[in-house]
Amino acid sequence: MSQERINVTRSSMPGYEEYCEEIKDLWESRWLSNAGAKHKIFEAQLQEYLGVPYLTLFANGHVGLEVAIDAFDLKGEVITTPYTHCSTTHSIVRNGLTPVFCDVNDRDFTIDADQIEKYITDKTCAIVATHVYGGVCDVKAIEAIAKKHDLKVIYDAAHAFGVTVDGKGIASYGDASMFSCHATKVFHTIEGGITAFADKEILDKTNKLINFGFVSHEEVKYISTNARMNEYEAAMGICNLRHIDAEIARRKVAYDRYVERLGNVPGIKLIAPQKGVKHNYSYFPVFFDGYKYDRNQVQALLEQENIFARKYFYPLTNELECYKEAYGASVANTPVAKKAAECVLTLPMYADLTVEDVDRICDVILK
Ligand SMILES: *Cc1c(COP(=O)(O)O)cnc(C)c1O
């Protein structure tokens, strides 16, 4: 293959010297994990950047969600969607809760707020919804429903770092929001996660849950896990946070070029911008519906040219072998999600992606 390989994503890195400088004092202090100096600095910077007072750092995004759900001590049914990472559904089920799959809307592929109430029973305890691709759920409608029925609202905000709604950080909505800081996400700490909470008591409990449930040196109150972020990851976060706004701005250039090239092509559907939402350009999803090539054909054509796109989200979590048996009936209830999973391809998207790269990708799709 003549042309250089383009992957679906590429991790942003701070300068090598910048990172080395940031971790230098760890050789002196020998404090490598368990809420060390980097951890505290990073936490304070994130409170400021995300515009939320209460947050906890985690070893990864998944445990950030699973442990956060645990902190609410929920029982019964949770309304969620299948158009998400399996992590969302796993974190519900691994807490002994039953997922009830609601469909997504066909505008932004987040939970269809108009359908939530029909799934509410006397067993419903929470809504666990996913912000998708850097766009957001209808947070105000969800808040109103949750208030009316006394439900917790927990967001999988893995895609939504830096996103704001009406000028407010996305984590100011709901009872908790988890951001993934995996190497492939807009903002990363190599591996890592951040969960923001509305309630100080839940925050305090979560800070025990991430450390085996210890409440003092000799007392363990909760049967929990180890979900701590280490100091090298926090240091990477401190470095990457210095550059995040510039990185998002560079992503926007690539994003805008994609829209320019693919925005008015019959059979190719893009997601329209949401009102009042500052996006983070984390993904570039394209839906092939009635185009001359179907989604799988486009993916194959791109691969022939050394370009790697991803079917994301696919398959739906209610179609996974491990969930089908127990909850399979609900796939019939989620036709919009099913259609999206069949048509979607997320195209390469990262800060280093040039306009020339985007043109190379679009030329293949449009040829
Ligand atoms: C990446 C991702 C996760 C998992 O995050 P990790 O940091 O990889 O554990 C969960 N949900 C969604 C929607 C994701 O994209």
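In what order do the seven strands of the open sheet stand?

The model is predicted, so to speak of local features we require pLDDT of at least 70, and side-chain atom pairs count only at pLDDT 80 or more, whereas totals for chains, interfaces and linings use all residues. Residues are numbered from 1 along each chain as its sequence is written, and side-chain values use heavy atoms, with hydrogens and water left out.

To the sheet, then. The order is S1-S9-S8-S5-S4-S2-S3, and the pairing is mixed. Strands here are DSSP runs of type E with at least two residues, helices are runs of type H or I with at least four, and both are numbered from the N terminus. Two strands are taken to pair if DSSP finds at least two bridges between them. At the edges stand strand S1 (54-58) and strand S3 (98-101); each has a single partner strand, so one side of each is left without a neighbour in the sheet. From one strand to the next, the twist averages 20°. Angles run from 0 to 180 degrees between N-to-C directions, with axes being lines fitted to C-alpha atoms, for helices over the stretch in contact.

Helix H7 packs on this sheet, where it touches S1 and strand S9 (193-197), and its direction makes about 20° with that of S1. Contact means heavy atoms within 4.5 Å.

Let me turn to strand S4. S4 (residues 124-130) pairs with S5 (residues 152-156) in the parallel sense over five bridges. Strand S2 (residues 77-80) also pairs with S4 in the parallel sense, over three bridges. Ala126 of S4 stands opposite Val78, and Ala126 also stands opposite Lys152 in S5. Further along, Val128 has Ile154 of S5 opposite. Is S4 mostly covered or mostly open? S4 is mostly covered, since seven of its seven residues are buried. Buried means under 20% relative accessible area, exposed means over 50%, and partly exposed lies in between, with a 1.4 Å probe and protein chains only.

Next, the salt bridges. A salt bridge here is a side-chain nitrogen of Lys or Arg within 4 Å of a carboxyl oxygen of Asp or Glu. By this rule the count comes to 22.

Asp204 is partly exposed at 29% relative accessible area, and Lys200 is partly exposed at 41%. In helix H11 (residues 335-343), Lys338 and Glu342 are likewise four residues apart, and their side chains meet at 3.4 Å, N to O. Lys338 is partly exposed at 29%, as is Glu342 at 43%.

Arg261 forms a salt bridge with Asp359, the closest N and O atoms being 2.9 Å apart. Arg261 lies in helix H8 (residues 231-262) and Asp359 in helix H12 (residues 355-366), 98 residues apart. Arg261 counts as partly exposed at 24% relative accessible area, while Asp359 counts as buried at 17%.

Now some backbone features in the loops. Which residues does a cis peptide bond with omega of about 10° join? Tyr312 and Phe313 are joined in this way, and Phe313 lies in the loop between helix H9 (295-304) and helix H10 (321-327). The peptide bond from Tyr314 to Pro315 is cis as well, with omega near -10°, and Pro315 lies in the loop between H9 and H10.

Phe109 has a phi of about 65° and sits in the loop between S3 and helix H5 (113-116); at 4% relative accessible area, Phe109 is buried. Asp150 has a phi of about 55° and is found in the loop between helix H6 (139-149) and S5; at 69% relative accessibility, Asp150 is exposed.

Phe212 is found in the loop between H7 (200-209) and strand S10 (214-216), and Phe212 counts as partly exposed at 36% relative accessibility. Phe212, Phe214 and Val220 form a nonpolar patch there, with about 250 Å² of accessible area together. Patches are made of residues with over 30% relative accessible area and no salt bridge; like charges are joined within 9 Å, and nonpolar side chains (Val, Leu, Ile, Met, Phe, Trp, Tyr) within 5 Å. Accessible areas come from the Shrake-Rupley method with a 1.4 Å probe, and for residues only the protein chains shown count as cover.
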